[in-house]
Each structure stands twice: as C-alpha cells, then as structure tokens.
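Please read the points below with the structure open beside you. They go through pockets, ring pairs and salt bridges in turn.

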Amino acid sequence: MAKGKDSDYCVEMYKSILQLEDLEQCRRFFQDLCSMTELAAMEQRYTVAKMLYEGRVYTEIGNETRASSATISRVNRMLNYGENALREIFDKEKKEERTEEEK
C-alpha cells in the first residue's frame with residue numbers, strides 16, 4: 001500500500017490517469033479501480049466543491065446533494081486551504097464557458 005506523497009505507487013497511478021484518452025476510458029478506469037461507494041463519495045465531494053465554488057450555501061448544497069454538513073465543511077476546508085487543484089479546474093471551466101459564450 002502506498003504511504004508517502006511521492007511513493008512509486010502513487011506516481012505510477014497518477015501517470016496512468018494522465019494517459020487516459022477520453023471521458024469513457026476515464027469513467028471505466030475509475031470504475032475498475034474504485035468501488036461504487038468510493039466513486040459515489042468522490043462524485044458527491046466534487047459536486048459539493050463545485051457548488052461551494054459557485055457561492056451556494058450549505059443548506060442548499062446539503063438538500064441538493066444529500067451530503068452531510070460535516071462533508072460539506074470538510075470539502076470547504078479543502079477548497080479553501082488545500083492544493084488548489086479543484087479551483088484551477090473550476091477557473092479553467094469558467095474561462096472556457098465565457099469563451100464559448102463570446103463566440
């Protein structure tokens with residue numbers, strides 16, 4: 001089992017993710033790697049993060065996603081004090097949306 005941030009196992013897995021060619025292959029990769037419960041939890045946390053990024057409030061997020069207030073709070077801490085990867089992705093998506101609207 002991988003223990004450190006820079007373990008060979010982790011690096012190999014992340015490199016494999018970068019090799020995925022399209023959405024369908026990505027979906028299948030994660031279905032092979034994760035249980036349905038793990039995927040559902042990650043998908044829920046992603047949705048919560050996106051809603052927090054959009055400025056939505058905890059009660060609205062909880063009602064829509066059925067995430068607990070503890071989960072929402074944990075995701076909020078990660079979004080504000082984590083590695084910023086999700087913010088970078090959300091910013092990129094927002095920029096792409098604006099570019100599409102301008103066309």
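The numbered points that follow begin with the ground rules and then take up each topic.

1. This is a predicted model, in which local features need pLDDT of at least 70, side-chain atom pairs count only at pLDDT 80 or more, and totals for chains, interfaces and linings use all residues. Residues are numbered from 1 along each chain as its sequence is written, and side-chain values use heavy atoms, with hydrogens and water left out.

2. The largest pocket holds about 1200 Å³ of space. A pocket here is an open set of points on a 1 Å grid over the protein atoms alone, where a 1.4 Å probe fits and protein lies on both sides within 12 Å along at least five of seven lines; lining residues have an atom within 4 Å of a point. Grid points are joined across faces, edges and corners, and the volume is the space filled by probe spheres set on the points.

3. Its lining is made of 24 residues, and those nearest the centre are Ile17, Phe30, Met42, Tyr46 and Leu86. Two or more lining residues come from each of α1 (8-18), α2 (23-33), α3 (36-53), α5 (69-81) and α6 (85-102), where helices are DSSP runs (H or I, at least four residues) numbered from the N terminus. The most is given by α3, with seven residues. By class, the lining has 16 nonpolar, one polar and seven charged residues, with Ala, Val, Leu, Ile, Met, Phe, Trp, Tyr, Cys and Pro counted as nonpolar, Asp, Glu, Lys and Arg as charged, and the others, Gly among them, as polar.

4. The second largest pocket holds about 180 Å³ of space, and the residues that line it include Ile17, Phe30 and Met42. At least two lining residues come from each of α1, α2 and α3, and the lining divides into seven nonpolar, no polar and two charged residues.

5. How many aromatic pairs are there? The count is three, where rings of Phe, Tyr and Trp (its six-membered ring) pair if their centres lie within 6.5 Å, and planes under 30 degrees apart count as stacked, over 60 as edge-to-face and the rest as tilted. Phe29 and Phe30 make an edge-to-face pair, at 5.3 Å centre to centre with 85° between the planes. Tyr53 and Phe90 make a tilted pair, at 5.1 Å and 50°; because Tyr53 lies in helix α3 and Phe90 in helix α6, this pair ties together parts that are 37 residues apart in sequence. Phe90 is buried, at 2% relative accessibility (buried means under 20% relative accessible area, exposed over 50%, partly exposed in between, with a 1.4 Å probe and protein chains only). Ring pairs also link Tyr46, Tyr53 and Phe90 into a cluster.

6. Six salt bridges are found in the whole structure, each a side-chain nitrogen of Lys or Arg within 4 Å of a carboxyl oxygen of Asp or Glu. One of them joins Glu24 and Arg28 at 3.8 Å, N to O, and these residues are separated by about one helical turn because they are four residues apart in helix α2. Another joins Glu93 and Lys50 at 2.5 Å, linking helix α6 to helix α3 across 43 residues.

7. Glu64 and Arg56 also meet in a salt bridge, at 2.5 Å, N to O. Glu64 is exposed at 52% relative accessibility, whereas Arg56 is partly exposed at 24%. Bridges that share partners join Glu54, Arg56, Glu60 and Glu64 into one network.
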